[in-house]
Amino acid sequence: MKHFPTLLSHEIRMLLVSPATYVAATLFLAFMGLIFTKILEIYSGTPQEASPASVYFQLFWLPTCVMVPLLTMKCLAEERRLGTIETLLTTPVTTTEVVVAKFGAAYVLYLSLWGSTGGFFYILRKFSGDARVLDSGPLLGGFLFIAISGLFFIAIGVFASSLTRNQSVAAIISGVLLGLLILGGNALTDSAWIEHGLLRPAKAVIDYGHVFGHRDDFVRGVVDTRHVLFYVSGTVLALLFSILSVEVKLLHS
Amino acid sequence: MPDQPPAIEVTHLVKTYGGVTAVSDISFTVAQGEIVGFLGPNGAGKSTTMRILTGYLPATAGSVNICGASVAAEPDLIKRRIGYMPENNPLPEDMRVSEYLYFRGRLKEVPRRKLGPRIDEVLEVCDLKRVRHKIIGQLSKGYRQRVGIAEAILAEPPVIIMDEPTIGLDPHQILIVRDLIASLRGRMAVIISSHILPEIEMTCDRVLIINQGRVVASGTPADLRRDIFGQSTYQLEINGAPETLPAALADLDATFQVTEQTAPDATGFRRVTLTTRRDDDLGEELLRILAAKNLRVRALSRRQPTFEDVFLAATRRSWDAVAPLARDAQPATQPPTATP
């Protein structure tokens, strides 16, 4: 991984000059700002039991399913479309370094975008002058969930980008895979039919990968290492498949 | 430097894709500092061979050594020994020229301290100083090609591989690129593929012609002319008794033949085409002997086959060798194929 820092800084720079990044950032911040405003409206009207931070992370999946494809769709698909992957891989860098650097750059940007929404809570605290409105436990737990789950979500986006030369197709694949993981798992967990008959053993697996359940645990301040392991192993697996996908396509190019 | 291994050594290289043989048992060597042209029709296997030389594609069989190191066994070492410019020269559209060269220099492990002066040097050599701060996507084709060449020579590797470096350039730009490649002679071994045959003839020390995945001719352009055509052609415009011509020619060289003869024009001169196996220029002796036989000569020229003729003959020759085999393999279904 000798060339990783050079590749990572290059990839971050390339993301920062890409219009898709700014589209993703604008959509994301506008959407999160809207959610936060709505939360404040509700809380100013009637007293609520849950803290604003825990409600804030309820809808994390919507910006994630849009932002992750936009951040990752270009990374490998564009290199293959332009043919620059050929010049890149004939320098002393490995496919692993290239894939991990692209993943790292997208993840850094993903984190900084979510991190920037911390400003909403800072502004609330500053103008309300009341420390109680900012319950730091759910806030930190929520951001920790975003950071850990983001690893897996970004890796899925990178994997989708490794499958095709077309950015739009990569974005669609990535969006569908994320939707299946986040919403599909939730729909299956809530289904009664899966608890009967032969499918019962699958229920445990689905519960283990229930992203909304993980979010609720993190926001409550419960950091379960099994959840962490789920996201980390998923990330490693998605990146391994991305590397394999790039290498297989090289063999058949 | 007799102890030095060849810059490129390819032995019985084979590459197949899903049952289709793209490269079939190719062997050749390129000496250190030599410039070699790699020619062949579209689909002959040039780009595939070049990609295998860089380690980008694995070979199905055979071996490739770069400066004595095996591409299959030591791919990391090989990548440090080559500069590669692929076909169509893919470049990132949204980087500046100097920024791109800096990034590539870091990847190629040029020490940071040396990288700045080296970038200045290649920008100077490739005449890119004026556009060093420009975005690559806004550059003309000629500049983009030169950025590709600058990138290939940046780390001063002993072997440079360029796949059609002059494609799409105007004659003036071709001249600049040709001079640039020629300036590498003796310092780096260069293997270039191109369809612009005069450029290859002028730039390269040696030429390899491949067709249908096989090497069909190899040598200097002069050697290839001799090997493939094996004869010299003279064109004369003479006035006099043509029947005395064969005897007069036989006195000079037994292999002389009259291959073409036109009827005399209004002034009594006829055009005659002669061929001989002799390599040396017999023009002066022809004039002398024809004058001795009372044949008046108005014009005499020695016609050299162009390099294009050599290329066409070499690739046709390989087709002739392969076509009967193909016909034997599919006698019932294949209609008779005209020789191109």
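Visitor: How many helices and strands does chain B have?
Guide: The secondary structure of chain B comes to 11 helices and 14 strands. Helices (H or I, at least four residues) and strands (E, at least two) are DSSP runs, numbered from the N terminus.
Visitor: Is chain B a compact globule or more spread out?
Guide: Chain B is more spread out than a compact globule, because its radius of gyration is 25 Å, well over the 20 Å that the globule rule gives for 340 residues. That radius is taken over C-alpha atoms, and the rule is 2.2 Å times the number of residues to the power 0.38. The C-alpha trace of chain B spans about 80 × 55 × 45 Å along its principal axes.
Visitor: Where do these numbers come from?
Guide: This is a predicted model: local features need pLDDT of at least 70, side-chain atom pairs count only at pLDDT 80 or more, and totals for chains, interfaces and linings use all residues. Residues are numbered from 1 along each chain as its sequence is written, while chains are lettered from A and ligands numbered from 1 in the order in which they are written.
Visitor: What share of chain B is buried?
Guide: Buried residues make up 39% of its 340 residues. A residue is buried if 20 or more other C-beta atoms lie within 10 Å of its own, exposed if 12 or fewer, and partly exposed in between; C-beta atoms are placed from the backbone.
Visitor: What is the phi of B:N89?
Guide: Near 45°, a positive value in a residue other than glycine. B:N89 is in the loop between β6 (82–85) and α3 (97–107) of chain B. B:N89 counts as buried because it has 23 C-beta neighbours inside 10 Å.
Visitor: And where is B:E164?
Guide: In the loop between β7 (159–163) and α6 (171–182) of chain B. B:E164 is not a glycine, yet its phi is positive, about 50°. B:E164 is buried, with 21 other C-beta atoms within 10 Å.
Visitor: Switching to chain A. At what angle do α9 and α13 cross?
Guide: The axes of α9 (residues 136–162) and α13 (residues 225–251) of chain A cross at roughly 15° and come within 8 Å. Axes are lines fitted to C-alpha atoms, for helices over the stretch in contact, and angles run from 0 to 180 degrees between N-to-C directions. α9(A) and α13(A) are therefore roughly parallel. Angles under 35 degrees count as roughly parallel, over 145 as roughly antiparallel, 65 to 115 as roughly perpendicular and the rest as oblique.
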